[in-house]
Each structure stands twice: as structure tokens, then as C-alpha cells.
Amino acid sequence: MGTVSAVLLKCGSGVEPEPVVINGLESIQSLVGGNIEAVRIFAQKQDADEPFELVGYCDDEGRIKNSEMNWLASALFRQEIRGNVVVVTDAGDGEDGDVPDTFVKWLMSSFLQRVAETYNEATFIAEVMRFAVENHLVPEEEVKEVMDSMGQDIEDEGRTPETMQKMNELLEKILKAVQDYHAKEDGVQLVGEIEDWLKTETEK
């Protein structure tokens, strides 16, 4: 195998897709940081009828090592992935192919923005839930039930109406509790931010 134009998706937050050139297994392992396994998904070029297959090389022990979450790769391949990931295309016959320039541009623009927005929303939701539970605004069991439903939806690659209804009901409940809390604890900045965000979410 010769050199291949690939994309490195680093783990953690605040990262961007990075074009890289790989040349064989060792170069991939040096970027991933361990023995590799492949994850796959089909993608579509804007100017082509036929889809192409993306291959993501990741550390096969990422979860065992408790490596940092790879938000970009998890969103792209629609499964939880930890550690760095090298993305190529399947050129057939077991060979790796170049990632198209148009796809790289999409990764670094629209896709990156969408993942950043999702990450920020997920982080804030987690903070809202933590705050609500720690301050006894809602029962922990109720939060866990909704979060478990959301986790199952992610595994099934879609949000069910039942989960959305549960989430909306919980957000409305937290909103009322936060408003009551805010009245008692005036001047707490985080509470005000949570209240503003919940008002926006429950009005959607």
C-alpha cells in the first residue's frame, strides 16, 4: 500500500478534523496509539450517484483503557468511539483509499459545527440534570429513566416520540423547580442560565 490521504479525528472536545497522510499499518497505529480495529459507514459524494465506504481505524482497547470520548468519530460512525481515529475510504481488495477533498471540507465545516452544537447541548443538559438532582429539585430515578431512554435511542440511531415526551415533561418539571429555586436563591448565575435555557427548550 502506498501513501493515502486520510483524516485524523482526535478525541476530546475543541478539536478539528486534521488531514494526514498515512503509509501502512505502523503509521496508523502511531496516530491511534494501539492495536487497531475498523468501524465502517457509507457516505455520499454530492456529485456522484454511488456512495462510498468510510473506514475508521481506532484503538481496539479504547473502552478498556477508558480513553477519552471521540465526539467527532462517534457522530460520524454513529457509535461510541474512544481515542483517536484515522479515517480512510475502502478502495476495494482490502486496500485503503483517499478521503475525497469535498468530504474533508464538509467534515471541517458543516459537520464540525453540528457536532460542536450537539456536544455543547449535551454538556449543558448533563449539567442541568446534575444540578437538579444535587439540589433535590427532581428525583434521581426520574432523571436516570430519561437518560437511559436517550441512551437506547442513540444505540438505535434515532429519537423516539416516547423519549422526547419524557424529556419534555422532565424539562418542564425542572423549569418550574428552578424558577422556585431561583426565587429563593436570587443572584445565582448558573441557575439563571439554566432557567433561560429551559424556557427556550420547553417552548420548542
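Q: Leaving aside its neighbours within four places in sequence, with which residues is Leu54 in contact?
A: The structure is a predicted model, where local features need pLDDT of at least 70, side-chain atom pairs count only at pLDDT 80 or more, and totals for chains, interfaces and linings use all residues. Residues are numbered from 1 along each chain as its sequence is written, and side-chain values use heavy atoms, with hydrogens and water left out. With contact defined as heavy atoms within 4.5 Å, the partners of Leu54 are Val39, Arg40, Ile41, Ala43, Leu76, Phe77, Val87, Val88, Thr89 and Phe103.

Q: In what order do the elements run from the N terminus on?
A: Helices (H or I, at least four residues) and strands (E, at least two) are DSSP runs, numbered from the N terminus. The protein chain holds six helices and six strands. Their order is β-β-α-β-β-α-β-β-α-α-α-α.

Q: Why do the buried residues of α1 lie on the same side of the helix?
A: Helix α1 (residues 25-32) has Ser27, Ile28 and Val32 as its buried residues. They lie on the same side of α1 because the arc they cover around the axis, taken from the directions to the C-beta atoms, is only 130°.

Q: Against which strands do the buried residues of α1 pack?
A: On the other side of α1 are the exposed residues Glu26 and Ser30. The buried residues of α1 pack against β2 (18-22), β3 (36-44), β4 (51-59), β5 (85-92) and β6 (95-97).

Q: Which element provides the largest share of the lining of the second largest pocket?
A: On a 1 Å grid over the protein atoms alone, a pocket is an open set of points where a 1.4 Å probe fits, with protein on both sides within 12 Å along at least five of seven lines; lining residues have an atom within 4 Å of a point. The lining here consists of Lys10, Gly12, Ser13, Gly14, Val15, Asn70, Trp71, Leu72, Leu112, Val115, Ala116 and Tyr119. Two or more of these residues come from each of α2 and α3. The largest share, four residues, comes from α3.

Q: Which residues is Val115 in contact with, leaving aside its neighbours within four places in sequence?
A: Val115 belongs to helix α3 and is buried, because its relative accessible area is 9%. The contacts of Val115 are Trp71, Leu72 and Ala75.

Q: What distance separates the C-alpha atoms of Glu95 and Gly2?
A: Glu95 lies in strand β6 and counts as partly exposed because its relative accessibility is 37%. Glu95 and Gly2 are 93 residues apart along the chain, and their C-alpha atoms are separated by 9.6 Å.

Key:
Buried < 20%, exposed > 50% of the residue type's maximum accessible area, 1.4 Å probe, protein only.
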